[in-house]
Amino acid sequence: MASLVLSGVGISVQAAEEAVATPVAESSASGDVEAADASAPAMVDRFIEGAGNASDAPEVPAEPDANYVRFSLGTEYSGTFDKDSLDAKGSWWQFRARIHYSLGVAATEIGDVKLKGLAGTGAFFTHSWINLVSTMGQPVTSRPFNMRQIYLQYDYEGWQVQGGVLPPNGGDVTDLGYDSDGWVRGGRVTAPLGEGRFEAVTGIIDDLYDPNAFNSWGQWNYLGTKFIQPLPWYELQGWLAYEYLEDNSYIDFELQREWDLDDGIKLLGQAEALYNFTTPSWAWGASARLQTEYVNVILEYSYVNPDFGLRGELSEDFFTFGHRLDFELNGDVPFVKGLNWFVMTDVAEQLVRVRAGFNFGFGASTPGYLMRF
């Protein structure tokens, strides 16, 4: 017999604020970019967005709170210039709003069920920022706000099953990972495997210019599998993944490591290679993220072959094909809880992009479920 537990009343704001108290979190994604459930494998996803990239990563409270709502508001200046002449190609003041949410639906002896999702601004799979004002007189396009993800999640003893319009990543978002604001219409299964995990997801990635989770489902075009394990050398963690998207087959390999340099100072490094067997062509990337108490420094390099296809265009904060070097500084604004700043520069083969702005996050979370069986 089910008992109804009303746990969404009197939500504690402190739990949500503590979950994002470090200056690296504004997240970039998904990704479902969140910490693991208490029932998940005892393995740390060190390189989820939120460990550095303040401009693009989502921000959610830590589990195991079943119920939460987290608001993230941002404003930035974004200017794009020709690399050789420095002539302006675009110059905008931009805005972003996102709402990550979770509702504990049912807790049972054989697992827990939650309804989760993401609503936010943006008109494309990889873009959540919207243009407000152009300093060059460029016309302002539409400013959509949509439900980008909505799905059910079932957790039991380290196993996790998701169904609906899902985050495109599991617990990992890397330089070449799918943009965490994107979506997959389908299902995902994650299973504990040794000290790591195995993940399989399948479904549809479509409507790239219409981010509405309630669109009708199209034709199946996506399959992904991933093995993630700590490696026996130098405290490395690695994964090997296979993906199929729009008649193209890919293999993805990544290595990651974290160093504790001093009290409150961490260095995170990663290297990733992604190969398209169908084209054939390569994409690869490497990054270093230094986290300190007052400021975080991020340096990323990536290369996406111009023939790489759709998979390359759907990566986190995609800018352009070819070589790209990113440098970012970010940190907390003193005396204003939840407010952080960022300054970043992207240098590509033909373009340079400069961005600077602020993000503000706030919300609430609580444990508990609507029903218990």
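Which strand does E3 join through two bridges, running parallel? Keep that one in mind as we walk along E3.

Some housekeeping before you click: this is a predicted model, where local features need pLDDT of at least 70, side-chain atom pairs count only at pLDDT 80 or more, and totals for chains, interfaces and linings use all residues. Numbering starts from 1 along each chain as its sequence is written, and side-chain values use heavy atoms, with hydrogens and water left out. Strands here are DSSP runs of E with at least two residues, numbered from the N terminus, and two strands pair if DSSP finds at least two bridges between them.

**Stop 1: E2.** Select residues 67–82 (E2) along with 88–108 (E3): the two run antiparallel and are joined by 14 bridges. For a landmark, pick Ser 72, whose bridge partner in E3 is Arg 98. Now follow the chain through the hairpin that E2 and E3 form, with five residues between them. Stop at Leu 86 in that turn and check phi, which is positive at about 65°.

**Stop 2: E5.** Next, highlight residues 130–134; this is E5, antiparallel to E3 and joined to it by four bridges. Zoom in on Phe 95, which stands opposite Ile 130 in E5.

**Stop 3: E19.** Finally, the opening question: select residues 371–372, strand E19, which runs parallel to E3 and is joined to it by two bridges. Show Ala 107 and its bridge partner in E19, Arg 372.
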